[in-house]
Amino acid sequence: MFPSTRHTAALLGGALLAALTGCGTPAGQKNVQAVASEAAPTTAEERVAAPARPGLTGMPPVLDAKDIYSADRPGKLSPVVKDFPSRVYVPNTNSNTVSVIDPATYKVVRTIAVGRQPQHVVPSWDLKTLWVNNDLGDSLTPIDPATGKVGRAVPVSDPYNLYFTPDGKYAVVMASMDRQLVFRDAHTMKTAKTVPVDCAGVNHTDFSADGRYFIVSCEFSGELLKVDTAKMEVVAKQKLPLHGAMPQDVKLSPDGGTFYIADMIANGVWALDGEKFTTPKLLPTGKGAHGLYVSRDSEEMYISNRGEGTISVFDFAGRRLVKKWTLPNGGSPDMGGVSADGKVLWLSGRYNSEVYAIDTASGRQLARIPVGSGPHGLAVYPQPGRYSLGHTGVFR
C-alpha cells in the first residue's frame, strides 16, 4: 500500500506507520512458528489421494492437478497475445502516469497520463486489455496491449486493486477505503454485487485451485478473509497471530495446497491451509516482505523484501528459503512480474522512482531504470497462460 489522501485515516495507526518507516518486527510473536515444513497440515500424497471436487462452473479445467501454473511455461503464449509487443507497464502513483519500458533495451519508450494515483496495471481475464487502477481517480483506464491505444476511463469507486473470477464472469474490485469487495461485469465493469467487509484495507487475493473460493488480505487490520466465489459472500475471517500484522500479496502454491501471504510487519510470509482456514505459520524472509512471484518452472517463488532491498527465493518442494539476492546500492523492491521466458524478474522500486530488472538464474541486477514517482504494481506483458486472475498478472 502507498500513502494517499484516501488512506490518511488508516495510516495514522502506529502499526502502519511502523511498517512504512521500516521499523523492526514488533513484539508479540513468541508463539508464531517459523517452520516452513509445518506450514501445510497435509502431505502432497494425501492431497493427490483425496477425491477432487468439481471446480467453479465455467472455469477452464485445470490442466495438471499437481501444478496449477503448468500453462505458464516459457513460450506458452496464448494465441490472443502471441503478437503483442513485449513491454513493462509501470504505474507511478505520485506522477499519475504509466511508464512503458521496452525490456529489450531497458528504456522507457512512452509515458501515458492516466487518472489520479494509479496503483496497479492489471491484465483482463481474456488477456485483451490492461486496466490501470486509478485509486483516487475512482476510475479504470483501459490500454490495448496490441496497439498501445488508451481508451476512455471507466468510472469505478476506489479501485485499489483488481482481480477476475476464474470463470471470467466477474471482475473483483478491492475497494480498500470503501471497505468493500465489488463484483462487476468483467467487460463492462457494471456492478453485479457489492459485498461490505468489516476488516480494514482489503488489498490482495488469490483463488483456490478449483476456483470455488479466494483468500483476501486486509492490510490495515491484519486479517484474512475467505470468500465463496459463486455465492460472492465472505464465509470466514481470522486475525493473524501477530500484533500489527500487515498482510500484502497472496499466492497459491503450485500443488494448490497452501496459500502464501506476504506480511510487511511480520517480515516474512504466512503459510495458510485455505481449505481448513486454520491459523497460518510464519516463514521469516526479510524486512518488509511484500510481493510474491512464481518462477516459470513452478519450482520457486520470488519474495520482494521492500524494507531491505532484497529478494528471497523460496523452494516449493523443500518448503524452505534457498537464496537471497541483494540489490546493489539498496532499493525498495515492490510489485512486478516475471518475463515471458522466465529469465528476468521485474520489480518496481516504490520509494526510489525506479524499476529493477533481475536475472532469475543468478540474482544479478541487469538494469535499474528511472521512472515516475511512486512506481507500484507494474505488469510485464504479455506472459504465458490461458487466462488472467488479475493483479499484476496471475495466469493459469
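**Ground rules.** The model is predicted, so I take local features only at pLDDT of at least 70 and side-chain atom pairs only at pLDDT 80 or more, while totals for chains, interfaces and linings use all residues. Residues are numbered from 1 along each chain as its sequence is written, and side-chain values use heavy atoms, with hydrogens and water left out.

**Disulfide.** I looked for cysteine sulfur atoms within 2.5 Å of each other. The structure holds one disulfide. Cys199 is joined to Cys218, with S to S at 2.0 Å. The link is left-handed, at -55° about the S-S bond. Cys199 sits in the loop between strand 11 (191-196) and strand 12 (202-207), and Cys218 in strand 13 (213-218), so the bond ties together parts 19 residues apart in sequence. I take strands (E, at least two residues) and helices (H or I, at least four) as DSSP runs, numbered from the N terminus. Both Cys199 and Cys218 are buried, meaning under 20% relative accessible area with a 1.4 Å probe, protein chains only.

**Arg184.** I checked this residue in strand 10 (residues 180-185). Arg184 is buried yet has no salt bridge; that would need a side-chain nitrogen of Lys or Arg within 4 Å of a carboxyl oxygen of Asp or Glu. The nearest side chain of opposite charge is Asp178, 7.5 Å away. Here Lys and Arg count as positive, Asp and Glu as negative; His and the chain ends are not counted. Beyond four places in sequence, Arg184 touches residues including Pro155, Tyr170, Met189 and Lys190. Contact means heavy atoms within 4.5 Å.

**Cores.** I then turned to nonpolar cores: buried Ala, Val, Leu, Ile, Met, Phe, Trp, Tyr and Cys joined through side-chain atoms within 4.5 Å. The largest has 34 residues, and Phe259 and Tyr260 touch the most other members. Among the elements giving this core two or more residues are strand 13, strand 16 (247-252) and strand 17 (259-263). A second, separate core of 22 residues includes Met59, Tyr163, Leu181 and Cys218.

**Rings.** I counted 12 aromatic pairs. Rings of Phe, Tyr and Trp (its six-membered ring) pair if their centres lie within 6.5 Å; planes under 30 degrees apart are stacked, over 60 edge-to-face, the rest tilted. Phe84 and Tyr381 are tilted, 6.3 Å centre to centre and 40° between the planes. Phe84 lies in the loop between helix 3 (44-49) and strand 1 (87-92) and Tyr381 in strand 28 (379-381), so this pair ties together parts 297 residues apart in sequence. Phe84 and Tyr381 are both buried.

Note on methods
Buried means under 20% relative accessible area, exposed over 50%, partly exposed in between (1.4 Å probe, protein chains only).
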